[in-house]
Amino acid sequence: MLWAGVSVAAVGFILALEIAARGYGLPGPITNQASEVILAPKSGPLLYASMALTMVVLTWRERFIAAGAAIGIDIVFFLVRWLLDARMMFGNGALWVILGCAVVAVTRRTGRERALLLKGVGLGLLLVAGRKTGDAWLLITSKTRPTVLDPYLATADHALGNPSWLVGRMVRATGPVGTHLLDWVYIQLAVAAVVVTLYQLRHVAAERRFPRHHLVRTFLMIGLLGPSIYMIFPVVGPVFAYGTGAFGTGGEHWALADIWPDTPPPLTAPHPMAYDEITPRNCMPSLHTAWATAIFIHSRRGPRILRYAGTFWLLATLTATLGFGYHYGVDLIAGVVFTITIEAALRTFDRGWDRAGIALVVHGATVFVGLLLAYRFLPVEMARHPWAYGPLLLLVMASVVYGYVRVDRRWAPKAASTRQPERRAERHPELV
C-alpha cells in the first residue's frame with residue numbers, strides 16, 4: 001500500500017516537474033526520457049541497470065531473450081549512428097526492452113502475472129525517471145533561488161576542520177588515477193544501487209512477489225524528499241562558491257574568492273550571496289551521501305563481497321563529495337541523518353508503527369531540523385568553538401546511527417521468531 005502511494009506521488013511529482021521545466025522553455029523529465037527511445041541516451045549503463053531491475057520478474061529463459069534483444073537493438077542503433085556520424089552511445093535497446101515488457105504485460109498477461117510484470121517495468125522506469133527528474137529539479141533550484149547560503153556552511157564547517165579543503169588537497173595529490181576512480185564511483189552510484197537491489201530481489205521470479213522492503217523504496221523517498229530541502233537551504237558547494245567551478249566551468253565569475261582547496265575561507269560573519277542561474281543549489285543535504293548510506297545499510301544483509309562493496313562505495317562517495325568540492329562536511333552529516341530517518345520511517349511503517357521505531361523517526365527528524373537551524377543561525381558560534389561544536393555534530397549524528405542499529409537488532413530476532421512457527425507447521429502440519 002505504501003509502495004503504491006509512493007509511486008503515485010512520484011508520478012505526480014514528475015508531471016509537476018515537466019510542467020515547471022516547460023515554463024522555463026526547456027524539456028522536462030518525460031520529454032527527455034521519451035527522446036531516448038531514438039536519440040542517444042545520456043547514460044547507457046543506467047538504462048541497462050534499469051532493464052536488469054525489470055528482469056527480476058522474468059524467468060531465466062525470458063531474461064536471456066530480453067538481454068539478447070537489447071544488445072541486438074543497440075547494435076542496429078550503433079551502425080546507423082556510425083553511418084550518420086552521429087553521437088555514439090548505447091542504451092536504447094535496454095529502454096526498448098523495458099517498454100516491450102510493458103506491452104507484453106498489457107496484451108499477453110492477466111491477473112497477478114500482469115501486475116507483477118508491470119511492477120517490474122515500473123521499477124525499471126522509476127530508476128531512469130529519477131535521473132531525469134533530478135536534472136529537471138536541479139534546473140528549477142538554479143532558476144528560483146538567486147542567492148545561496150554557502151558562507152553559512154563554510155563558516156559552520158570550521159567546527160569540523162574544513163574537511164572539503166583538506167580532502168580536496170588529498171585527492172589532488174593522488175593525481176589522475178585517484179581522480180578518475182572517484183569520479184567513476186560518484187557518477188555510477190545508481191548502478192551500485194542496482195547491484196544491491198538485484199541481490200535483494202533475487203527470489204522475485206521464483207516466489208512471484210516482491211519483498212516488503214528493499215533499496216529502491218529508500219532511494220525513491222530520498223529523491224522525493226531531498227530536493228525540497230534544496231529550496232529551503234540553497235547551496236552550490238565549495239568549488240563553486242570558493243573556487244573555479246567543477247572541472248573549470250567558470251564559477252570563478254560568481255565565487256567569493258578563488259581559494260578552494262588551498263586556503264580555508266576566513267572566519268567572518270556570513271551572509272547570503274548572489275549566484276548564477278545555471279549552477280544547481282543541491283548541497284544541503286548531500287543526497288549522494290544519503291544514497292551511498294542507503295546502499296551501505298542495505299548491503300549489510302548480503303554476502304561478504306556485497307558488504308565490502310557497500311562499504312567501499314560509501315567511503316569512496318564521501319571522499320568524492322568532499323574531494324571534488326561538491327559538498328561541505330556539514331552537508332554529509334545532514335545526509336547521513338536524513339537517510340537513516342527515512343529508512344527507519346519506512347521500516348517502522350512496515351511493522352505497524354511500533355514504539356521503538358516511532359521514537360527513532362522522531363529523534364532523527366529532530367536532529368535533522370536542529371542541524372539545519374544550527375547551520376543557519378549559529379555558524380559563527382560553531383566556528384569560534386570548534387572543540388565543542390565539532391564533536392557535538394559528530395555525536396548527534398552518531399546518536400541517530402546508534403539508535404538505528406539498536407532498533408534494527410531488536411527487530412531482527414522478532415523477524416526470525418515469526419518464521420519459526422511456519423517452519424514447525426511445515427514439519428508437523430497436525431500442530432496447525
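Tutor: Helices are DSSP runs of H or I with at least four residues, strands are runs of E with at least two, and both are numbered from the N terminus. With that, Pro 261 falls in the loop between helix H13 (238-241) and strand E2 (273-274). The model is predicted, so local features need pLDDT of at least 70 and side-chain atom pairs 80 or more, while totals for chains, interfaces and linings use all residues. Residues count from 1 along each chain as its sequence is written, and side-chain values use heavy atoms, leaving out hydrogens and water.

Student: What makes the bond between Trp 260 and Pro 261 cis?

Tutor: Its omega, which is about 0°. Met 284 to Pro 285 is another cis bond, with omega near -5°, and Pro 285 sits in the loop between E2 and helix H14 (287-299).

Student: Why point out the phi of Asn 162?

Tutor: Most residues other than glycine have a negative phi. Asn 162 has a positive one, near 50°, in the loop between helix H7 (150-156) and helix H8 (163-173). Trp 353 also has a positive phi, near 55°, and lies in the loop between H16 and helix H17 (355-377).

Student: Why is Asn 162 called buried?

Tutor: Buried means under 20% relative accessible area, exposed over 50%, and partly exposed in between, with a 1.4 Å probe and protein chains only. Asn 162 has 9%, so buried it is.

Student: What makes a space count as a cavity?

Tutor: On a 1 Å grid over the protein atoms alone, it's a set of points where a 1.4 Å probe fits but cannot get out; lining residues have an atom within 4 Å of a point. Points join across faces, edges and corners, and volume is the space filled by probe spheres set on them. Two cavities reach 30 Å³ or more.

Student: Which residues line the largest cavity?

Tutor: Gln 33, Glu 36, Lys 42, Ser 43, Leu 46, Leu 47, Val 128, Arg 131 and Lys 132, around about 50 Å³ of space. Helix H3 (44-54) and helix H6 (111-144) each give two or more of them.

Notes:
On a 1 Å grid over the protein atoms alone, a cavity is a set of points where a 1.4 Å probe fits but cannot get out, and a pocket is an open set with protein on both sides within 12 Å along at least five of seven lines; lining residues have an atom within 4 Å of a point.
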